[in-house]
Each structure stands twice: as structure tokens, then as C-alpha cells.
Amino acid sequence: MTKVAVEFTLNTREQNEFVETGSTLLSALRDRLGLYGTKAGCHQGTCGACTVIIDGEPHLSCLTLAERCRGKDVTTLEGLAPAGALHPLQQAFMDGFAAQCGFCTPGMILAAKCLLDRNPDPTRDEVVDAISGNICRCTGYEPIIAAILTAAQGLRKPARKRA
Amino acid sequence: MTRKRGRGMAAVNYPTGMNLGGDPSQALIHATTTGSFVVTLSSVDLGQGLKTVMAQICAETLGVPTDNIIIDTADTDTGPHCMGTFASRGTHRIGNAIIMAAKEARAVMLEVAAEELEVDSNDLTTDGAGTIHVKGSPQKSISIFNVALAAHFKHGKSISGRGIFLQPRSYPEPETGKMTPATCYAHACTVAEVEVDTETGEVAVLSLKSAYEVGRALNPRMVEQQIIGGAWMGISHALYETTEPYYPDRAHGPVDFNQYLMPGPGDLPEFANVVIERPAADGPFGAKGVGEMTANSPIPAIANAIFDAVGVRVDSLPITPEKVLRGIRALNA
Ligand code: FES
Ligand code: FES
């Protein structure tokens, strides 16, 4: 199998990897780099568990070829907050009991982050829209929607203070 | 296009646990040298929160902080026996086993503390924050940490306990079929409101309002989690999910999430839930099982609401638009 070199930014660090042509970003993250925060649910683009952020947009890493990430900026759940700290979205998910088995949680949080980065004050419908590609089997979605709205509120507060 | 609204209700009495050949679960507890308590189980946490609730039950019985508890569910080959995490039995069966084990461990812990403080162990109490002290005089005290150290290195005592809960096998009376298959029963009632599109047969659930009697909600937020997650699953079973849509004909069975339908975050109704607590005599701190039942009453409530809306009685799940339309057509024929 042919391998190609890929340079990209992963969680703010420069990353150089030799990846097999045709292999996915999901497999590079999990199998090569041991970053298990990105979950593998269906491997066919239907569950959203493998969501990562590429250049600010949510992408399904199971449908993204690793070699196509050359020069891109990739963020996974591990890159959301420094080790030991929690991103406000993670904190809101925890406080709001928005995870049960946790399998959908990384994808939900990253999809939500993309939303809040471009729209800090979303409506409930906009939140629903942002996570509608992510399947959750456990929570009934309600606590997830509530947690995202809570996090959005929290993230807006410091901005207002500065203004 | 006409949309018709309807309201339906359903109630469920739900047994905690089951009883085929007896229903046991075991727990073993031991203290580490630094005063953590390891609870060894063969039970599984698959997201329902077993580890959290078991740590709460253990901490409460031992009289130590929840942070001191380590729930180890590592290995069913080597761990103490558990029938499994099903039949809404986890909190009740395993919780009771943990209480029994923790009582035994607590007695040893207090014995060691009594020797260290040179008092009678009956005069000791725990503050739940990491300290054991003489009743009425909190200054005469010793930390759990120091008790564990002393037990290991000075007294040669194992602060440990064994627990098992067994619901014995119940044989049916041959005459009547009467038996005692379960322990306590939890109860729920759901009122569903739906809107049925008489042109497409589509059903939208507008609201699900439920009351649950769960014995005691050991972790109220997690009980709420179960109820909302279960209600969603109930909607899903009522209206969407099936592996064999034309059973027993296996054709058209879904093979992936594109075909296996489930409601998404945009299909949620308004939820309202009330939890009523009437502690069960045989439950750990009064708790009954609130697991599977949360998906049960929403299903018949939705079916009844559809009947109320359009007069169609569908008696197989899921209640697809096709079945609703066929029913409406039959009524008009
Ligand atoms: S694993 Fe990528 S969408 Fe399911
Ligand atoms: S928490 Fe289990 S899938 Fe969402």
C-alpha cells in the first residue's frame, strides 16, 4: 500500500504523518495517533459520532481522506481545552447531565462548538439544526440541547463584560 | 390537508428485577491502604449511571465521601457473580448487595478506629466527610486515611465486606399460576398528545406528560435522564423503529442509519415529568428500578392518542404513516 506524507495542524500543533492513500482521517486519529475522543460509530457518514472540526467547519472524519487534510487545521475533542481543564461546552454537558453512555458526546460537542463560534446566540431551532446530523441513543436530545444553550449563555457573558 | 389532534393515556406497573432461577447479585468491598474503598462488581455501566449510584449507596452506608469509592466492574470472569444489568434490577439488586458488604466493612473500620482512639466502637460515628469521631465530641477523631493505614500496617486487619442480594426462585402454584416473580413494582402514567395528518398518515407527538413512582430517586437528575431518554425511545418504538417492517416477510429490513428510522432532535415533543417517592421496604434506601419502564407507557399512550384523533386502532408497532392511512381508508370504506 502506498503511503503519503501529510502535514497538518492538529489541536494547534504541527503534525506530520505518513498515511496510507485512501485511509480516513478517523483511522489516522484513532489507529495512528491514539486520539480516542473521536468515536467511530457507522463508518459511513450517518451517525455523526466521528465529527471533527476542519478549518472551523464540522466534518465527518470517517468520510474525510487523511491525505486531503494537508495544510488544514483539525480540532478534535482533545484540543478543546488544556489537559485537566474543561471547555464551557464540556462543563455544561457535565452539569446538565447531557451524556449517558457518552458515545455521541464528542461529536455533539464539536458540532455545537462550530455553531457557537459562528453564532454565539443561537435559538433552540438553530441548535437542533446544528446537531441534527448526530445520533444519540440515550439522552432523548433534550438535555443536549439545553446544555448547548447554557454553554452559549456562559460564553457570551465575558464578552459582554469586556464591551 | 387536515390535521387532527388527539390525547391518550396509559399506565404501567413495572416489576423490579426478574426471577427465572433465582436472581442474585454480589458485591465485594475492600479498603486500600489510603482509605479508598474498592467495590468489585460484575455489573455493567452502559450509560445508565450504575457506577455513580453504586458509589452513592456505598459511601452513604460506609459513612465516607463518595470520592473515596472506586467502582470496579472490570471482569465477569473473575468478579463476584451478577445476573446482569437488565430488568431494571441494577439499583435494587446490586445496591442491596453493596449495602450488606459496606455494613460489614464499616464494622471493621470502626473496630480499628476504636482501637486507635482507645474507645468503644459503639461510641463512634462517621461524619461522611472523611473522619471518624466519638459521638458528641468531634475533636476526638481519626481520619479514614489513618484508619486504613493502621489497619494494614499495625493491626493486620482487612477492612472489607461481602454482600449478596438474592431474590429466591419462585415456583408458580400449579392451580392458579400465581407466583412472586419480582420484588417491588414501580409505577408510571403517561398522557400523550398527538397531531395526525390525515392526508399523509404522519403522526407528530406534541407532548408527553408523565408521573413516575420510583420508590426513592437516589440520584434525581439521573432519574430524570432515564425518564426523558426513555420517553424518546418510546416515541421511537411507537412511530419509527423496526428491523422488519413487513414481518414475517423479511423484505425491506433496514441495514443502516439511513434506513433505520429514529426521531431526531427536531422531532421532540414538550416533556413534563413528575417523580413521586414512596420508598420500597426492600429497596436500597427505598429505591425501585426506573429503567426500562420509561419507554413503556409512552407507546400505548401514543397509540391511544392516535385512536382519539382519527379513530384508527393500530395494534402493531411501529405505527407508520402507511398503517394510519390504511386505517383511515378502512374507516371511510
Ligand atoms: S462514524 Fe462517521 S458518521 Fe458515523
Ligand atoms: S449519550 Fe449515549 S448515544 Fe448519546
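**Exercise 1. Which residue in S4(A) does Ile53(A) stand opposite?**

Solution. The model is predicted, so that local features need pLDDT of at least 70 and side-chain atom pairs count only at pLDDT 80 or more, whereas totals for chains, interfaces and linings use all residues. Residues are numbered from 1 along each chain as its sequence is written, chains are lettered from A in the order in which they are written, and side-chain values use heavy atoms, with hydrogens and water left out.

Begin with the strands, which are DSSP runs of E with at least two residues, just as helices are runs of H or I with at least four, numbered from the N terminus. Strand S3 (residues 51–54) of chain A runs antiparallel to strand S4 (residues 57–60) of chain A, and four bridges join them; two strands pair if DSSP finds at least two bridges between them. Within this pair, the residue opposite Ile53(A) is Pro58(A). The two strands form a hairpin with two residues between them, and Asp55(A) in the turn has a positive phi of about 50°.

**Exercise 2. Describe the contact between domain 1 and domain 2 of chain A.**

Solution. Chain A is divided into domain 1 (3–79) and domain 2 (82–156), with bounds that come from an automatic or database domain assignment. Their C-alpha centres lie 21 Å apart. The contact (heavy atoms within 4.5 Å) takes 17 residues from domain 1 and twelve residues from domain 2. About 1,100 Å² is buried between the domains, 70% of it on carbon and sulfur atoms, where buried area is the accessible area (1.4 Å probe) that two parts lose on being put together, summed over both. On the side of domain 1 that touches domain 2, the largest share, three residues, comes from S3(A).

**Exercise 3. Which residues form the salt bridge between chain B and chain A?**

Solution. First take the extent of the interface, to which chain B gives 26 residues and chain A gives 25 residues. The chains bury about 1,800 Å² between them, 62% of it on carbon and sulfur atoms. In chain B, Gln225(B), Phe257(B) and Pro265(B) lose the most area to chain A, together 34% of what that side buries. The count between the chains is one salt bridge, and Arg137(A) forms a salt bridge with Glu241(B), the closest N and O atoms being 2.6 Å apart. Finally, helix H4 (residues 220–239) of chain B gives ten residues, the largest share of the side of chain B that touches chain A.

Terms used: Salt bridge = Lys/Arg side-chain N within 4 Å of Asp/Glu carboxyl O.
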